[in-house]
Amino acid sequence: MKKIICKREYNTETATLVHKHTVGYFGDPAGYEETLYQTQDGLYFLYFCGGPQSPYAEENIERLAKTKVKAWVESH
């Protein structure tokens, strides 16, 4: 997935996967994945996707501040 946020491109195909958190199993309507990526410029973003009954029924990308990366990884 690719998304432009504040004139910067965040792309799951070109960024480095840092950490993935999965809830449920493949095909679980309430299951979802949260994946942390780092761009070549050192920026971080989260990619979300999940089943229709999950908090992430539609895939999306959100920026994550460098100051919050460690806390996010430790909580997952």
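## Report on a predicted model

Cys 6 sits in the loop between β1 (2-5) and β2 (8-11). Residues are numbered from 1 along each chain as its sequence is written. The model is predicted, so local features need pLDDT of at least 70, side-chain atom pairs count only at pLDDT 80 or more, and totals for chains, interfaces and linings use all residues, while side-chain values use heavy atoms, with hydrogens and water left out. Strands are DSSP runs (E, at least two residues), numbered from the N terminus.

**The loop between β1 and β2**

Although Cys 6 is not a glycine, its phi is positive, at about 50°. Lys 7 is found in the loop between β1 and β2. Its phi is positive too, at about 65°, and Lys 7 is not a glycine either. Relative accessible area sorts residues into buried (under 20%), exposed (over 50%) and partly exposed (in between), using a 1.4 Å probe and protein chains only. Cys 6 is exposed because its relative accessible area is 57%. Lys 7 reaches 84% and therefore counts as exposed.

**Salt bridges**

A salt bridge is a side-chain nitrogen of Lys or Arg within 4 Å of a carboxyl oxygen of Asp or Glu. The count by this rule is two.

| Salt bridge | N to O distance |
|---|---|
| Arg 8 and Asp 41 | 3.8 Å |
| Lys 20 and Glu 33 | 3.6 Å |

In the salt bridge between Arg 8 and Asp 41, distant parts of the chain are linked: Arg 8 belongs to strand β2 and Asp 41 to the loop between β4 and β5, 33 residues apart. Arg 8 is partly exposed because its relative accessible area is 42%. Asp 41, at 61%, counts as exposed.

The salt bridge between Lys 20 and Glu 33 also links distant parts of the chain, with Lys 20 in strand β3 and Glu 33 in strand β4, 13 residues apart. Lys 20 has 43% relative accessibility and so counts as partly exposed. Glu 33 is partly exposed as well, with a relative accessible area of 25%.

**Glu 34**

Glu 34 lies in strand β4 (residues 32-38). Glu 34 is buried but has no salt bridge, and the nearest side chain of opposite charge, that of Lys 20, is 12 Å away. For charge, Lys and Arg count as positive and Asp and Glu as negative, while His and the chain ends are not counted.

The side chain of Glu 34 does have a polar contact of 2.7 Å with that of Tyr 56. A polar contact is a pair of N or O atoms within 3.5 Å; within protein, one must be able to donate a hydrogen and the other to accept it, and residues adjacent in sequence count only if both atoms are side-chain atoms. Neighbours within four places in sequence aside, the residues in contact with Glu 34 include His 19, His 21, Phe 48 and Trp 72. Contact here means heavy atoms within 4.5 Å.

**The loop between β4 and β5**

Gln 40 is located in the loop between β4 and β5 (44-50). Gln 40 counts as exposed because its relative accessibility is 74%.

Methods
Helix = DSSP H or I, 4+ residues; strand = E, 2+ residues; numbered from the N terminus.
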